[in-house]
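Hi,

Here is the structure I promised to pass on to you. Have a look at it first, and then read on for what turned up in it.

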Amino acid sequence: MSDLRDWLRGRNLEQYADAFEANDIDLDILPDLDDHDLEQLGLSLGNRRRLLKAIAGRNIAASPISGQDKAPSPGKASSAAGAPGSGDAERRQVSVMFADMVGSTALSAKIDPELLGGLIRRYQDAVAGAIGRYGGFVAKFMGDGVLAYFGFPRAFEDAAERAVRAAIGILSEVGAIELPDGTRVQTRIGIATGLVVVGEIIGTGSAQERTIVGETPNLAARLQALASADCILISESTQKLLGGLFELTHTGEHELKGFSRPVPAWRVCGEASVESRFAAIRARRLPLVGRAHEMGLLRERWHLARQGDGQIVTVTGEAGIGKSRVIEALQQELAADAHARINLQCSPYHSDSALYPVIQYLNRVAGLAPADPSDVRTEKLRALLGARHVADPAALPLLAELLSIPLAEAAPAASPAQRKAATLALIVEIMTRTSDSDPVLTVLEDAHWIDATTIELMTRLADSIARARLLVVVSARPDFTPPWLSRPHATLITLGRLGRPECVQVVASVAAAHGLTADTIAAIIAKTDGVPLFVEELTRSVMESAGEDSVPATLKDSLMARLDRLGGAREVAQIAAVIGRQFTFALLEAVAGKDNDELEDMLAKLVAAGIVFPEERGLERSFNFKHALVRDAAYESLLLMRRREWHGRVGFALERFGDVAAKEPELLAYHFGEAEQLALACDYRMRAGNQAVSRSAYVEAIAHFTAGLKLAETMPAQDGLRRQVEFWLKLGAASVVAHGMQSAEAEAAYTKAGEIGEQIGDSTASFQAKWGLWINATSGAKRPSRATAPASWCRSRNSQAIASCCWKPIIASFQRHIFVATSAAR
């Protein structure tokens, strides 16, 4: 979307580019936006008017930009169910912000209402501008209060961080607004993160808004009310997601209205000074597992660099695969060696800020503090150049200009292009001169967020280190293509997923003090697909949530961000997630209700995005979700009502696939059960149990009958009790074989069947239950006979008719069961 960003930049409105991109707004649909849309995107009143004038004056063409997926703008309904920005609500993890102007009520009694209105508009503009710069969504203006979401309508992998950065920006911008008495405007802010139901559009016209339901917005509102002037308070869930990126102070636990227990809160004191995002976020260190080959390559390249044969290594891999962990392990190994380090950290918020990683590095290495006066900062720069033996008189003015330090000495007259070239050459010289005394390890992290000028700098550096004692290690995600790979001293390392033994080691490292069962460990490994971060976070989540293996809160934002980038194809991902991790094209087509070409196009997008991958099964086309947790995130984003609807459609579609209903009745039972089509679910559970019995798979049969029984217990009494009797009788017979004669399980099943049979007046079921109790109590494998049955049963009313109806099937059934049991005993 660089065209849109460039257009906004030309009108001094670039601060809103992130908000436009977060809502999939391109140049082609700008003419369709109205004042309400722009207000929802966070634009101030004045900037809304400027933008609308600019749009009208330019008469932007309405042809779509190639390759962009557009979503409806906020506040407008869409017919695409489930697409971001649509009127359909969904379950999301969202960071909610409440910001409120301090003292506005008292101020209203002191100044004219017209002046107060203008002041509040300036306040709202400042707040909305800061929110928009970090991709937030202004949901509602409430007088001098502002409600905003981070993570909806588009998810970000760092939504909580964005919310806090926006809050810090709000304090700075609001503090610049002067009140009539000469004081400055103050604000208080509360932020909370958690699961909400968000997105349903209510109201019409200018009263239209998106609802948000859940504990999270209430908590954010309470924290805002608790905060003092110019204070940002965050919830515990938000604090956990931030790691060490910010300086936080625990303010204790607070009694908040509407919350049954005291709620902990943290005050944001400012941004922490960190060299590595990984080190800040991943504070808990685990041993490096399964990267022996990659570490060997890095050691070898370091050995070459120490000998004066400079090297550049690019480590690539998907998010969470362990790129930063490998680099950290290398740094730990080299700690005992005499060497210098240069750490450059790219930022997702500064991918259009020229040389941002270098500027942050120079500020750190020169020891520049924000409070330093200009002359002190200048002397520190001069000392840095002296330590690097840089004698060029133009160096100081160039660095001062780069770091925005006023300088009395003017730089030599040159064009902007010449100054840029000279600045890049100077930075390369500073970095290579560092290696004059000791070898240097230079690390550039997260190059997928790199700005264009830093790419140019790194390419120059790569061309300058062939004879330097310098190793450059760059980490990036797969979509980054390094321009220096063709150099003879360049190496590419692509990290793959861990194998099962390595995953077991990671689980063991995380859960060292917890005794996880083998089944739990197997479930964790199955869901995490060899991605170390997924393994680590899901293991922690399972330990903290008493065995539940839903998507961890620490991963929800990043997984949903992947799905939101799909545009309209996200709905297909959600439907496929309902079907399961594996799904066939034929079934997806039957369920989704889309034409073949549209479905093919959307599946192609899912494959291209790495969400699913195709798998050939003979003549049947099928697909797999690449990550089980991505499938879970797509599934969990659906409202419960929508899940039930899709499960029902899957079940009915499977009924039309006759071979599936016959071969896998348990699959239909699952989908109808989730759809709350209880009668159908019970029928298919019964089929699945009977099929297992026919195959002598009695343990599986018991599982199916038990699942069916639980469904029957939730049904209306008349039909439910009848079905319960049937399942209890089936459980009794299967338990005799699975657990042996005189088993407590069989006795309990037949006893319960008898009680319900008596309750509903089913004499046949009651007789079967009593007969089962007697058979279970009889030791050995002797064939039961009517003559040896308790006389009281046979004398009961209608006993002859009962025996006539059920004698033969009972005898045949127990003969078969007893034969199997005695054969197994031998």
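Helices (H or I, at least four residues) and strands (E, at least two) are DSSP runs here, numbered from the N terminus. Please keep in mind that this is a predicted model.

Let me start with a single residue. Asn624 sits in strand E16, which covers residues 620–625. Is Asn624 buried or exposed? Buried means under 20% relative accessible area, and Asn624 has a relative accessible area of 9%, so it is buried. Leaving aside neighbours within four places in sequence, Asn624 is in contact with Arg581, Gln582, Ile611, Val612, Phe613 and Glu615.

Next, the nonpolar cores. The largest one has 95 residues, and Phe583, Leu588 and Leu606 touch the most other members. Helix H31 (residues 717–739) gives the most to this core, with 10 residues.

H15 spans residues 395–402 and is mostly covered, with 7 of its 8 residues buried. One backbone detail for you: just after H15, Ser404 takes a positive phi of about 60°.

Finally, a helix pair. Two packed helices are described by the angle between their axes and the distance between the axes. For helix H22 (residues 569–579) and helix H26 (residues 640–656), the axes come within 9 Å and cross at roughly 65°. Angles of 65 to 115 degrees count as roughly perpendicular, so H22 is roughly perpendicular to H26. The crossing of H22 past H26 is right-handed.

Which residues meet there? From H22 come Glu571, Ile575, Val578 and Ile579, and from H26 come Arg642, Trp646, His647 and Val650. By type, the residues of this contact divide into 5 nonpolar, 1 polar and 2 charged.

Methods:
Residues are numbered from 1 along each chain as its sequence is written. This is a predicted model: local features need pLDDT of at least 70, side-chain atom pairs count only at pLDDT 80 or more; totals for chains, interfaces and linings use all residues. Side-chain values use heavy atoms; hydrogens and water are left out. A nonpolar core is a set of buried Ala, Val, Leu, Ile, Met, Phe, Trp, Tyr and Cys residues joined through side-chain atoms within 4.5 Å. Buried means under 20% relative accessible area, exposed over 50%, partly exposed in between (1.4 Å probe, protein chains only). Axes are lines fitted to C-alpha atoms, for helices over the stretch in contact, and angles run from 0 to 180 degrees between N-to-C directions. Angles under 35 degrees count as roughly parallel, over 145 as roughly antiparallel, 65 to 115 as roughly perpendicular and the rest as oblique. A crossing is left-handed if the near helix is turned anticlockwise from the far one by less than a right angle, and right-handed if clockwise. Contact means heavy atoms within 4.5 Å. Ala, Val, Leu, Ile, Met, Phe, Trp, Tyr, Cys and Pro count as nonpolar, Asp, Glu, Lys and Arg as charged, and the others, Gly among them, as polar.
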